[in-house]
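Me: I have a chain open and want to get my bearings. Can you walk me through it?

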Amino acid sequence: MRARSVLTGKFTAGSDVDLLIKVREAPQSLRERAKLEVRIEELAGLPEYHPFEFHIVDERGFRRYVEVLKVKRLRSSNFYKPASYFTTIK
């Protein structure tokens, strides 16, 4: 897993926005994963080119992200942010 630019403080205006999407069962094939990503783009009304990179994971994959990237759940929400977020953004 490569280091994320926001986590390392090396982001630019051209950096992508990583979205971690936890599902009950993550698609195993690339084809099924691509179909799900297209569906998400359609539901969100995203243009053909956008800065979002989807990381679709099941519980096991989610735990890996939490352990490796040290993300923490925001209080009273279903959103997670990197642990460094709390120390780098005032």
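Reply: Here is a short tour of the chain, topic by topic. Keep in mind that this is a predicted model.

Me: OK, how many helices and strands are in the chain?

Reply: Four helices and four strands.

Me: And in what order do the elements run from the N terminus?

Reply: The order is α-β-α-β-α-β-β-α.

Me: What share of the residues is buried?

Reply: Of the 90 residues in the chain, 17% are buried.

Me: Now the strands. Which way do strand 1 and strand 2 run, parallel or antiparallel?

Reply: Parallel. Strand 1 covers residues 17–22 and strand 2 covers residues 52–57, with six bridges joining them.

Me: What does the chain pass through from strand 1 to strand 2?

Reply: Helix 2, residues 30–44. This β-α-β crossover is right-handed.

Me: Give me some bridge partners. Which residues of strand 2 pair with Leu19 and Leu20?

Reply: Leu19 has Phe54 as its bridge partner. For Leu20, the partner is His55.

Me: Tell me about His55. Why does His55 count as buried?

Reply: Its relative accessibility is 11%. Buried means under 20%, so His55 qualifies.

Me: Which side chain does His55 touch through a polar contact?

Reply: That of Asp18. The polar contact between the two side chains is 2.9 Å.

Me: Switching to helix 3. Which residues are buried there?

Reply: Helix 3 spans residues 59–69, and Gly61, Phe62, Tyr65 and Leu69 are buried in it.

Me: Why do the buried residues of helix 3 line one face?

Reply: Look down the axis of helix 3: its buried residues fall within an arc of 105°, so they line one face. An α-helix has 3.6 residues a turn, so residues three or four places apart point the same way.

Me: Which exposed residues sit on the face turned away from the buried side of helix 3?

Reply: Arg60 and Glu67.

Me: Why is Arg60 called exposed?

Reply: Arg60 has a relative accessible area of 67%. The cut-off for exposed is over 50%, so Arg60 passes.

Me: What reaches the backbone nitrogen of Arg60 at the start of helix 3?

Reply: A side-chain oxygen of Asp58, to within 3.2 Å.

Me: How far apart are Arg60 and Arg24?

Reply: They are 36 residues apart in sequence. In space, the distance is 10.0 Å, C-alpha to C-alpha.

Me: Last one. Which residue follows helix 3, and what is its phi?

Reply: Lys70 follows helix 3, and its phi is positive, near 60°.

Note on methods:
Residues numbered from 1 in each chain as written. Predicted model: local features only at pLDDT ≥ 70, side-chain atom pairs only at ≥ 80, totals over all residues. Heavy atoms only, no water. Helix = DSSP H or I, 4+ residues; strand = E, 2+ residues; numbered from the N terminus. Buried < 20%, exposed > 50% of the residue type's maximum accessible area, 1.4 Å probe, protein only. Pairing = 2+ DSSP bridges. Right-handed = clockwise from strand over helix to strand, strands pointing away. Polar contact = N/O pair within 3.5 Å; in protein donor to acceptor, adjacent residues only side chain to side chain. Arc of directions from axis to C-beta.
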